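Work through the exercises below on the ligand and its surroundings. Each task is followed by a stepwise solution.

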Amino acid sequence: MRTAIVTDSTSYIPLEIREQLDIHMIPLNVIFGDASYQEEVDITAEEFFIKVRVQKELPKTSQPAIGKMVEKFEQLSKEYDAVIAIFLSSGISGTYQSAITAGSMVENIEVYAYDSEISCMAQGFYVIEAAKMAQKNASPQEILARLDEMKTTLNAYFMVDDLAHLQRGGRLSSAQAFIGSLLQVKPILTFVDKQIVPFEKIRTEKKAMKRIFELFDQVASKGGKMQAVVIHSSREEDAKQLAAQLHETYPHVDVQISYFGPVIGTHLGEGALGLGWYVV
Ligand code: MYR
């Protein structure tokens, strides 16, 4: 049985890796006024942040059209028997729900939509693992069981420079009054039950980063094999420094660097920094 692995653009898996591992990608869109761009196809993260700086109008985002998903699944049905489609958290986007609808509309291929309950390269961890297993001819059930196993240790914490973006996009799950009190500080954010929640209120970025390190250390100090990723929006130097520091302190952890691209960048703004990981 041949299983195709599909994800959405917000995994931000580099094209080279997607090609190597035969990962199929469906893009989400960023919209400036009347112009819609498919991220990772029509617009890169660098181009996006430059545009945001010069345009007066703030961008919006949209999930892929169901028709595009149906088209992709139908195309895959010519070569594959099944699809595992791993999407960003259903608590922040309708993409996963649309994939379920699209999957029910196609014949000749079994579509298993998987809710990563997260996004970005933390979601990418699932996608890459699934793709490696599919290349070794694992069954969809074996792959899905492994993804559920990964979910028990996969975590991400992040902070943003300006919480107003998340508030404006309505993706921060908390009482408005509480959000107001967060605007003055640097809260650590995380995903709980598929939604973004403030994890702890911290006064400064330095202290927030120290706290994220502590949370990571609670797992990494046990010495088990781990994958970690530092994710940033327009903070490459800081991300490199952080990754080097992690690599030096925890040589047993494989540390990568990734980015918040246009769609996620619309909701987090520039200057966001995060750390994701799972125990292999
Ligand atoms: C849509 O329009 O359907 C896309 C909405 C995307 C919302 C993104 C909210 C921020 C996610 C942060 C992820 C951090 C992962 C480490």
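**Exercise 1.** Find how many residues surround the ligand, and which are the closest.

Step 1: 18 residues surround the ligand, counting those with a heavy atom within 4 Å of it. Step 2: the closest are T61, I92, S93, R171 and I196. Step 3: the model is predicted, so local features need pLDDT of at least 70, side-chain atom pairs 80 or more, while totals for chains, interfaces and linings use all residues. Residues are numbered from 1 along each chain as its sequence is written, and side-chain values use heavy atoms, without hydrogens and water.

**Exercise 2.** Locate the side-chain N or O atoms 2.7 Å from a ligand oxygen.

Step 1: the side chain of T61 has one at 2.7 Å from a ligand oxygen. Step 2: the side chain of S93 also places an N or O atom 2.7 Å from a ligand oxygen.

**Exercise 3.** Sort the shell residues around the ligand into nonpolar, polar and charged.

Step 1: eleven are nonpolar (Ala, Val, Leu, Ile, Met, Phe, Trp, Tyr, Cys, Pro). Step 2: one is charged (Asp, Glu, Lys or Arg). Step 3: six are polar (the others, Gly among them).

**Exercise 4.** Explain why the ligand lies between two domains.

Domain 1 (3-28 + 63-149) and domain 2 (155-279) both contribute shell residues, so the ligand lies between them; the bounds come from an automatic or database assignment.

Definitions and conventions:
Polar contact = N/O pair within 3.5 Å; in protein donor to acceptor, adjacent residues only side chain to side chain.
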